[in-house]
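Please examine the sequence and the model before reading each solution.

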Amino acid sequence: MPIRFEKTMAVLEGVCAVEEAESLLDWLKGRKRPRVDLGRCEHLHTAVLQLLIAAKPAVVAWPEDAEWRRWVVAAFPAEVPS
């Protein structure tokens with residue numbers, strides 16, 4: 001499963017397709033301060049990316065791949081990667 005939902009964090013791994021958007025939306029709605037781990041994420045469908053941009057969760061880990069990381073970080077201009 002590309003998204004593992006924990007109590008306060010969603011861990012996105014591999015390829016997160018459009019089919020993941022609805023469950024991510026439901027999870028985000030139920031959290032006051034959601035956090036996401038993108039460390040092992042390799043691809044986000046634009047629907048998933050748009051949800052993350054709109055919800056503004058705290059990103060606790062950015063993608064490991066340098067090129068993919070630059071692209072994802074650019075989509076979150078207010079975030080400063082650690």
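**Exercise 1: Surroundings of Trp27**

Leaving aside neighbours within four places in sequence, Trp27 is in contact with Phe5, Glu6, Lys7, Thr8, Met9, Ala10, Pro34 and Arg35, where contact means heavy atoms within 4.5 Å. The model is predicted: local features need pLDDT of at least 70, side-chain atom pairs count only at pLDDT 80 or more, and totals for chains, interfaces and linings use all residues. Residues are numbered from 1 along each chain as its sequence is written, and side-chain values use heavy atoms, with hydrogens and water left out.

Task: Determine where Trp27 is found and whether Trp27 is buried or exposed.

Solution. Step 1: Trp27 is found in helix α1; helices (H or I, at least four residues) and strands (E, at least two) are DSSP runs, numbered from the N terminus. Step 2: Trp27 has a relative accessible area of 6% and is therefore buried (buried is under 20%, exposed over 50%, partly exposed in between; 1.4 Å probe, protein chains only). Step 3: 22 residues separate Trp27 from Phe5 along the chain, yet their C-alpha atoms are 7.6 Å apart.

**Exercise 2: The backbone at Lys56**

Task: State the phi of Lys56 and the location of Lys56.

Solution. Step 1: Lys56 is not a glycine, but its phi is positive, about 55°. Step 2: Lys56 is found in the loop between α2 and β4 (58–61). Step 3: with a relative accessible area of 67%, Lys56 is exposed.

**Exercise 3: Partners of Leu38**

Task: Identify which residues Leu38 touches.

Solution. Not counting residues up to four places away in sequence, Leu38 touches Leu12, Leu52, Val59, Ala61, Trp62, Pro63 and Val72.
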